[in-house]
Amino acid sequence: MNSQKTVNKFNFGEFYGKWGTLLILVIIVVLASLFVPNFIKPRNLSNILLQNCVVAMLAFGATFIIILGHTNIGYGSELAFIGCIACLLMIRLQEIMPPAAAAVITVISAMLIGLGVGAVSGYIITKFNIPAFIMTLAIMTMARGGALLITNGTPVSGMDAAFNWLGQGFIGPIPTSVVIMILLFCITWLLLNKTAFGRHIYAVGGNENAAVASGIKSKLVIKKAFLLDGLITGIAAVVFMARQASGTPAGGLAYEFDAITAVVVGGTSIAGGSGNVGGTIIGAIIVGIINNVQNLLHVNTYWQQVIKGVVILLAIILDVVTKRAAEKAMK
Amino acid sequence: MRVAQESYALEMRNVVKVFPGVRALDGVSLQIRAGKVHVICGENGAGKSTLMKVINGTYQADEGEMYFEGAQVGKHSVQDTMQMGIAMIYQELNPVMEMTIAENIFLGREPKRGGFMEFGKMYSDTQDLLNQLNIPFDAHQKMREISIAGHQLVEIVKAISMDAKVIIMDEPSSAIADAEIDILFDQIVRLKEQGVAILYITHKMDEIFRIADEITVIRDGQWIESGPAGNYNADKLVSRMVGREIKNIFPKEDIPIGEVVMEVQGLTQGKAAGGRFRDISFQLHKGEILGFSGLVGAGRSEVMRALFGIDPYTAGEIKIDGKPVRIRNTSEAIASGVAMVSEDRKEYGLVLERNIKENISLASLKHFKKSFLLDDKQIASRSQEMVDLLNIKVAGLDVKAETLSGGNQQKVVLAKWLIGDVKIMILDEPTRGIDVGAKSEIHKLMGKFARQGMAVIMISSELPEILGMSDRVVVMQAGRISGILERRELTQEGVMKLSTGGRV
């Protein structure tokens, strides 16, 4: 009511929605530079970026899912499952063909498996109207089991340098994994902001009924988002294993948590309908810095877990509180 | 002047309520007598709902006084006013559908003994109240089994059960059809006889003159005038509300009717798919406004939802421009040139937290593609054209849809379809909950659509609107068409008779 008169007034909720994440990043960086020894050194900063590439990639996919109002909690196990298959495949292929060709085929295969996992999730979620949380909980368990099965529970190693280059190499001065991450960022940003698919994601997440009444096939949109999410997970899995030069079936533990935290800290609402990958990349960096700072300060790893939990809780409370403040200011 | 000279049931003096940037109430006074119906009139945004919320304690007034039965009431909460005997029946009810009538009535104040529920007492007390008020429900019925009008009645029973002396009703009839309103009004008469004061908000003229004893008009948060209902007629009241004379409430234009655009033959929804309508046949012409009348629950919206592909139909044929089409989902309907503006614009019309241009372009994004990316500039310029054409009052295209008033939101939904290629526009209760000024603008727009050769279907539960705007009227009753009336044979009685199956 009488909204026109209040539109131009300063609104903390709106301001926070736009610039809050960046503000938090700046504050954290300033505080860390002042009080944490070695933080501001270039070597440490590039480490943060490297260590969080995989989480950032996963978080890009997660942004789509969370804007839709769903959640995927299977990333960590999917990393292990797809990554281990990729490693095993690479080891076979590099014996029968040039390593570069083997690496290309391996990456494509990992992407296809990722698509497959996303297809299964998306199909079952939309067909049977199952909450994505439960569906991906099942996937999480199955994928972890699958990873342990195919590797007999022991890490796989011996991949050619062509494969490991994806996680450890450089393109010019920039690490390959960072290049891949930035590429994925650009693609997902374009998809979300500049295509009809992106608009459909926001519409379905914001109000599925209204989206359907506008001629949008909401189930198809959800399926496409899970496909994209799976594809990105496939790529991330290869980078993840290549970085450590071994396929670890028990690896990737709690990566889903870091990815979701990055998305939420990045300002995407868990209620769906709003958010952006621009926020997510900043969110991923924030999560990375928090982990890094704790390591530099030699915080006990058990405590680190506790603190992580507190961080996501704070981010969610902040999201709800600012949203409520914005609504109040509107009335 | 310290004590009210007559003992009013409720009196408000010079109430001021300020929200950031807005004086929502600016010196409003009100005197309400026991046993009378006092209607508050005003456009949307005039401050009616704010006033009600100040009275019942949802909001705290910044200035002004409130007297209840002659005694001044200080700062008060919703719980305080409930204890005093002021009950509020909200515009949109939220009953717990899976609970029984009795459980809903005693929600939060369940009769208990020794920590255990006294179900027997709860049900017998409820049944006594229902019988006493002559409401034909069983206390054990679940809320989802009864109609929306029934939910209103249950709210009234709840108010009575709390010994309410003042009952505030915020547009109680907005969700129920004309015939069911009688049930509600019978109850209001009965409440008056028992000395209950009723504070009633409505947009509907005919209702005002049916039940009002006294009328207060507010405009832009200010008290305009109060007086006995006998001093007013519809024209005078509307002009006081908007501050200007509206000569013709229904600007129906004479537009030549063209050829048949849509032909529906024997459309039926089988039991398994919901079974809400049977054997629906009608024709729709170019330039025509076809009214759909009937009671709530007669199946009007369900037929339209099927034509628009939201709900399925199991038998029958739809022809558009002479060609048979099968509509299985909304995108097929849109591809055939059918658009629908739902009665529930917040649920089916808008993505509230997205901005105006995203909402306007949502249904026609495929027209705005440059290779595979969207052409933002074109979206913005076309959206701006729509905003100008429909006279949508917004601060900019980047404003979220949820910040708009009801009338402007409705125009955004219309804009969403106008920006694409629409041949058949289905409007389900297009002016529900919209203030008088915006209402007549939307009526004018309907005429404009028709003149441009669009065919318009309009569902409305307001008889004056149906009679005022339609070229022909299809009347539905219990899932079937009970009659189709030409404009020249339209009367309120005729439509009503067909709606109720002749048993008026």
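The model is predicted, so local features need pLDDT of at least 70 and side-chain atom pairs count only at pLDDT 80 or more, while totals for chains, interfaces and linings use all residues. Residues are numbered from 1 along each chain as its sequence is written, with chains lettered from A and ligands numbered from 1 in the order in which they are written.

For 504 residues, a compact globule would have a radius of gyration near 23 Å, and the 24 Å of chain B agrees with that. (This radius is taken over C-alpha atoms, and the globule rule is 2.2 Å times the number of residues to the power 0.38.) Buried residues, meaning those with 20 or more other C-beta atoms within 10 Å of their own, C-beta atoms being placed from the backbone, make up 47% of chain B. Contacts are pairs of residues whose C-beta atoms, placed from the backbone, lie within 7 Å. Among those in chain B with a separation of 6 or more, 70% link residues 24 or more positions apart.

Chain B holds 17 helices and 24 strands; these are DSSP runs numbered from the N terminus, with at least four residues (H or I) for a helix and at least two (E) for a strand. Strands count as paired if DSSP finds at least two bridges between them. Strand E3 (residues 37-41) of chain B runs parallel to strand E11 (residues 214-219) of chain B, joined by 4 bridges, and His38(B) sits opposite Glu214(B) in E11(B). On to the next pairing: E11(B) also pairs with strand E12 (residues 222-228) of chain B, this time antiparallel and over 6 bridges. Here Ile215(B) faces Gly227(B) in E12(B). E11(B) and E12(B) make a hairpin with 2 residues between them, and Asp220(B) in the turn has a positive phi of about 50°.

In helix H17 (residues 492-499) of chain B, the buried residues are Val495(B), Leu498(B) and Ser499(B). They lie on the same side of H17(B) because they cover an arc of only 105° around the axis, judged by the directions from the helix axis to the C-beta atoms.

Finally, chain A has a mean pLDDT (the predictor's confidence in each residue, from 0 to 100) of 91, with 93% of its residues reaching 70 or more. Residues 1-7 of chain A fall below 50, though this stretch has 21 contacts in the model beyond near neighbours in sequence. Where pLDDT is low, the predicted coordinates should not be read in detail.

Note on methods
Buried ≥ 20, exposed ≤ 12 C-beta atoms within 10 Å, placed from the backbone. Contact = placed C-beta atoms within 7 Å.
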